[in-house]
There are 2 protein chains.
Amino acid sequence: MNVTPQRIAIYRALVESTAHPSPEMLFNEVSRSMPSLSLATIYKTLETLEGIGLVREIPVTGDRKRFDAIVENHHHLICNACGSVGDYHDDALDQLPPRRRLGGFIPQSVSVNISGLCPSCRDGNSH
Amino acid sequence: MNVTPQRIAIYRALVESTAHPSPEMLFNEVSRSMPSLSLATIYKTLETLEGIGLVREIPVTGDRKRFDAIVENHHHLICNACGSVGDYHDDALDQLPPRRRLGGFIPQSVSVNISGLCPSCRDGNSH
DNA sequence: GTAGTTGCAAATCTTTTGCGCGACA
DNA sequence: TGTCGCGCAAAAGATTTGCAACTAC
């Protein structure tokens, strides 16, 4: 696997972002410093990075995929009003993979989404 | 809001299904007994039912939306191999909404996804 | 009778794919 | 010089929308 400027820039943007960006958000961000970048490259690169375990798609409702650089155990705060996704750390949640029987299902990872209102939307800011 | 045969059939199919169906899966199911049904009606009805709190979209990765009739507190087992979605009940998880500070975020609900291998895929069945 | 709903078809939007060119080993 | 990755444009899918006919109430 080659290390290319596009892959570096896309991965770096993902690491530095707190927004859990969609492919288009990443495209808008990275394009600024790399105007020739294409959206198709974003998609291909995300797939590649996901394949080697540097990146994951996060489970959210809504129209677009959202991605996260895999840094450590953490979960997500999802705003029901504006759709923003924030990080949430809690040691208790990291111990989740459950003691109870799962009927033959083999657990590999746990993802917790806490839905609600982000501070901005709570205060009545229009999106 | 009117009670129509389409709405009854779609909601009923969702309640009776354990598959957490996508709109197309619902369409395939309900069409069998209601051949005139259109996929657009599935989408419109799901949005309507979601609006009145009978149905929710569940947060999953992948290409299609998945829906759930809201019955009680429960969470989901998601197969990394075949994409199937099963239910998982655990009282401990129902108490989750966290004690820790959320930095101004107002929690309203919690969704837990346990990803792994379903019994069928564990045993090496090809999807 | 009227407002709300359906089914169809077209439109929109997101994501994927095919392919020729260029970069790098 | 062969392989891999990029950008472009087209394709594929999923979801949404506009609208005329129809139905629940």
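Me: In which element is A:Ser115 found, and why does A:Ser115 count as buried?
Reply: In this predicted model, A:Ser115 is part of strand S5 of chain A. Its relative accessibility is 15%, and buried means under 20%; therefore A:Ser115 counts as buried.

Me: Which residues does A:Ser115 touch, leaving aside residues up to four places away in sequence?
Reply: A:Ser115 touches A:Ile78 and A:Asn80, together with B:Phe105, B:Ile106, B:Pro107, B:Gln108 and B:Ser109. The criterion for each contact is heavy atoms within 4.5 Å.

Me: What makes S5(A) and strand S5 of chain B a pair?
Reply: Pairing requires at least two bridges, and 11 bridges join S5(A) to strand S5 (residues 106-117) of chain B. The two strands therefore count as paired, and they run antiparallel. Within this arrangement, A:Ser111 stands opposite B:Asn113 in S5(B).

Me: How is the size of such an interface expressed, and what is the value for chain A and chain B?
Reply: The size of an interface is often given as the accessible area lost when the parts come together. Chain A and chain B bury about 3,200 Å² between them, with 59% of that area on carbon and sulfur atoms. The contact takes 42 residues from chain A and 42 residues from chain B.

Me: What makes B:Asp63 and A:Lys65 a salt bridge?
Reply: The N to O distance between their side chains is 3.6 Å, and the limit is 4 Å; the pair therefore qualifies as a salt bridge. Across the interface of chain A and chain B the rule finds 2 salt bridges. There are also 15 residue pairs in polar contact, both residues being at pLDDT 80 or more.

Me: Which element gives the most to the side of chain A that touches chain B, and what is the make-up of that side by class?
Reply: S5(A) gives the most, with 12 residues. By class, that side of chain A has 21 nonpolar, 12 polar and 9 charged residues.

Me: Why is B:Glu50 called partly exposed?
Reply: B:Glu50, in helix H3 (residues 39-51) of chain B, has a relative accessible area of 34%. Buried means under 20% and exposed over 50%; the value lies in between, so B:Glu50 is partly exposed.

Me: How far apart are B:Glu50 and B:Phe67 in sequence and in space?
Reply: They are 17 residues apart in sequence and 9.4 Å apart in space, C-alpha to C-alpha. B:Phe67 is one of the residues that B:Glu50 touches.

Definitions and conventions:
Residues are numbered from 1 along each chain as its sequence is written. Chains are lettered from A and ligands numbered from 1 in the order in which they are written. This is a predicted model: local features need pLDDT of at least 70, side-chain atom pairs count only at pLDDT 80 or more; totals for chains, interfaces and linings use all residues. Side-chain values use heavy atoms; hydrogens and water are left out. Buried area is the accessible area (1.4 Å probe) that two parts lose on being put together, summed over both. A polar contact is a pair of N or O atoms within 3.5 Å; within protein, one must be able to donate a hydrogen and the other to accept it, and residues adjacent in sequence count only if both atoms are side-chain atoms. Helices (H or I, at least four residues) and strands (E, at least two) are DSSP runs, numbered from the N terminus. Ala, Val, Leu, Ile, Met, Phe, Trp, Tyr, Cys and Pro count as nonpolar, Asp, Glu, Lys and Arg as charged, and the others, Gly among them, as polar. Buried means under 20% relative accessible area, exposed over 50%, partly exposed in between (1.4 Å probe, protein chains only).
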